[in-house]
Structures are given as C-alpha cells and as structure tokens.
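Visitor: I am new to this structure. Could you walk me through its features, one at a time?

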Amino acid sequence: MQPTVHARLLEALRTRGPDVDSPPFTVPASRYRDPQRFARELAVFASPRPVLASTALAPGSSAPVDGVGTPAPVVRGADGVVRAFANSCRHRAMRLCDKPGTVKAFVCPYHGWTYDLAGALVHVPHAEAFAGCEHRDLRALPVAERHGLIWL
C-alpha cells in the first residue's frame, strides 16, 4: 500500500529531505465516484461559508452567489438588513438575479412577477390569468453578517 501524502510529508520533514525516490502519488478514481464519500463532503461544505465582504453590498444592491448548493441573490435592503433567497421565481422558477448591482425589486423575466427586496411578492401582472395559482414569497435562505463578511 502506498503511503498517504500526509505520511510522505511527515517523513520528508523528519529526514529534512524530499521524497524524490518515491513513486508518483496517484488518487484512485473511486474517490470521485463514491456516493458515500460525496455525501460526507457535502456535509462538510454545508456549513456556513463566507460569500461576500459586507462592504460589497450597499443598501439597495444585490449580488448573485453560486456554488453554495442553491444559487442565491444576496441583497441588502434599504433598511440595511442582508437577506438571501433561492434565485428563482416561485411561479416558473426563472432565475431572478444574474449580475451584481443596484436593484429596487426582483422581476421574473418570464411573467413579470415582482418581489421586493424582503422577498415578498408585490405584483403579479394580469393576476386574473393566474386564478388558482398559489402566489408565494421568495424562499428565504439562512444568511448572517459577522466580522465584515456575509455568510450563507
């Protein structure tokens, strides 16, 4: 069995020399295909992560954040509170925020449903055409602002 990278590094530190005579280190492909390993990795990365500097969001601005499991616009409302939502309209799941910038509301490009910066559904154009359709606010995600960072 080939020694682990950790063991090789410890040996190099102990002998004060590189392990140039060791065979190249290989990673078994099974590490990338194992569903149990993937589930464990997801659990590690599911913890809160810093996604933006607090200074990146002025009141009335938002920034899309991807790579945290669920695409999310992070927004600072006019009240100064930072919020995050699933980046999809509650009607047809269209992406609401594609680029950072100043915003007054999130408007779905599909039917024009409009959500305020607190995530509340505030306007449904031609609401009579959506009779029987459940009108829902954006799905809020846990977010916190600490130590000059925004955590999602």
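Visitor: Let me start with one residue. Is H147 buried or exposed?

Guide: Keep in mind that this is a predicted model. H147 counts as exposed, because its relative accessibility is 77% and exposed means over 50%.

Visitor: Where is H147 found?

Guide: H147 sits in the loop between β10 (144-146) and β11 (149-151). Its backbone deserves a look too. Phi of H147 is near 55°, a positive value in a residue other than glycine.

Visitor: What is the phi of H126?

Guide: H126 has a positive phi of about 55°, and H126 is not a glycine either. H126 lies in the loop between β8 (121-123) and β9 (140-141). H126 is exposed, with a relative accessible area of 60%.

Visitor: Now the rings. How many aromatic pairs does the structure hold?

Guide: It holds 1 aromatic pair. The partners are W113 and F130, with ring centres 5.4 Å apart. Their planes stand at 90°, so the pair is edge-to-face. The pair links distant parts of the chain, 17 residues apart. W113 is in the loop between β6 (106-107) and β7 (114-115), and F130 is in the loop between β8 and β9.

Visitor: Are W113 and F130 buried or exposed?

Guide: W113 is buried, at 0% relative accessibility. F130 is buried as well, with a relative accessible area of 12%.

Visitor: On to cysteines. How many disulfides does a search of the whole structure find?

Guide: First the general idea. A disulfide is a covalent bond between the sulfur atoms of two cysteines. Here the search finds 0 disulfides.

Visitor: Which residues does S62 touch?

Guide: Leave out residues up to four places away in sequence, and S62 touches several, among them C97, V74, V75 and F106. S62 is found in strand β2. S62 counts as buried, at 2% relative accessibility.

Visitor: Last topic, charges. How many salt bridges are there?

Guide: Side chains of opposite charge can pair when their charged atoms come close. The count here comes to 6 salt bridges. One of them joins E11 and R14, with the closest N and O atoms 2.6 Å apart. E11 and R14 are 3 residues apart in helix α1 (residues 5-15), so about one helical turn separates them.

Visitor: Which residue meets E41 in a salt bridge?

Guide: R37 does, at 3.4 Å from N to O. E41 and R37 are 4 residues apart in helix α3 (residues 35-45), again separated by about one helical turn.

Visitor: Which residue forms a salt bridge with D66?

Guide: D66 pairs with R95, and the closest N and O atoms are 3.1 Å apart. D66 lies in the loop between β2 and β3, and R95 in the loop between β4 (82-85) and β5 (101-102), so the pair ties together parts that are 29 residues apart in sequence. D66 counts as partly exposed, at 46% relative accessibility. R95 counts as partly exposed at 30%. A network of salt bridges links D66, R95 and D98.

Methods: Residues numbered from 1 in each chain as written. Predicted model: local features only at pLDDT ≥ 70, side-chain atom pairs only at ≥ 80, totals over all residues. Heavy atoms only, no water. Helix = DSSP H or I, 4+ residues; strand = E, 2+ residues; numbered from the N terminus. Buried < 20%, exposed > 50% of the residue type's maximum accessible area, 1.4 Å probe, protein only. Phe/Tyr/Trp six-rings, centres within 6.5 Å; stacked < 30°, edge-to-face > 60°. Contact = heavy atoms within 4.5 Å. Disulfide = S-S within 2.5 Å. Salt bridge = Lys/Arg side-chain N within 4 Å of Asp/Glu carboxyl O.
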